[in-house]
Amino acid sequence: MPPIGLGEQQMTNRVNSQVETNVSKHDCGMMTEICNFCQALYWRNELNSSNKYTKCCRDGKVRLPNLAEAPDLLKELLTNNSLEARNYQQHIRSKSTSWQ
């Protein structure tokens with residue numbers, strides 16, 4: 001947590017000074033494996049010791065209800081190309097964290 005009173009520019013400089021720039025690229029490949037119960041996607045190496053993919057639904061033991069349909073306004077803001085929608089899309093992260 002930044003010290004109280006640390007300005008935004010100072011915080012940016014502090015974060016940037018801690019960024020590692022000499023990092024080799026890593027590619028996990030495509031998620032091609034599918035859970036037999038809930039159809040969640042996995043990478044091949046995510047098998048457990050029983051050769052199963054279970055982190056999603058624990059072999060079908062966890063079942064979640066289907067998501068409710070999103071409100072029309074939200075769908076429009078996420079898919080439309082209007083000025084208002086583009087503004088929302090550009091600032092969605094700051095808007096959603098302000099609700100917490």
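**Close-up views of a predicted model**

R58 is exposed, with a relative accessible area of 54% (exposed means over 50%, buried under 20%, partly exposed in between, with a 1.4 Å probe and protein chains only). This is a predicted model, in which local features need pLDDT of at least 70, side-chain atom pairs count only at pLDDT 80 or more, and totals for chains, interfaces and linings use all residues. Residues are numbered from 1 along each chain as its sequence is written, and side-chain values use heavy atoms, with hydrogens and water left out.

**View 1. R58 and D59 in the loop between β2 and α2.** R58 sits in the loop between β2 and α2 (72-79). Its phi is near 50°, a positive value in a residue other than glycine. D59 belongs to the loop between β2 and α2. D59 is not a glycine either, yet its phi is positive, at about 60°. D59 is partly exposed, with 23% relative accessible area.

**View 2. Cysteines without a disulfide.** The whole structure contains zero disulfides (a disulfide is a pair of cysteine sulfur atoms within 2.5 Å). For C38, the closest cysteine sulfur is that of C56. The two sulfurs are 3.4 Å apart, too far for a bond. C57 is in no disulfide; its nearest cysteine sulfur, in C35, lies 3.7 Å away. C38 is partly exposed, at 36% relative accessible area. C57 is buried, at 3%.

**View 3. A nonpolar patch on the surface.** M31, I34 and L41 form this patch, with about 260 Å² of accessible area together. Patches are made of residues with over 30% relative accessible area and no salt bridge; like charges are joined within 9 Å, nonpolar side chains (Val, Leu, Ile, Met, Phe, Trp, Tyr) within 5 Å. A salt bridge is a side-chain nitrogen of Lys or Arg within 4 Å of a carboxyl oxygen of Asp or Glu. L41 lies in strand β2 (residues 41-42). L41 is partly exposed, at 47% relative accessibility.

**View 4. The chain as a whole.** The chain has four helices and two strands, in the order α-β-β-α-α-α along the sequence. Helices (H or I, at least four residues) and strands (E, at least two) are DSSP runs, numbered from the N terminus. Of the 100 residues in the chain, 11% are buried. The accessible surface of the chain is about 9500 Å², and carbon and sulfur atoms hold 52% of that surface. Accessible areas come from the Shrake-Rupley method with a 1.4 Å probe; for residues, only the protein chains shown count as cover.
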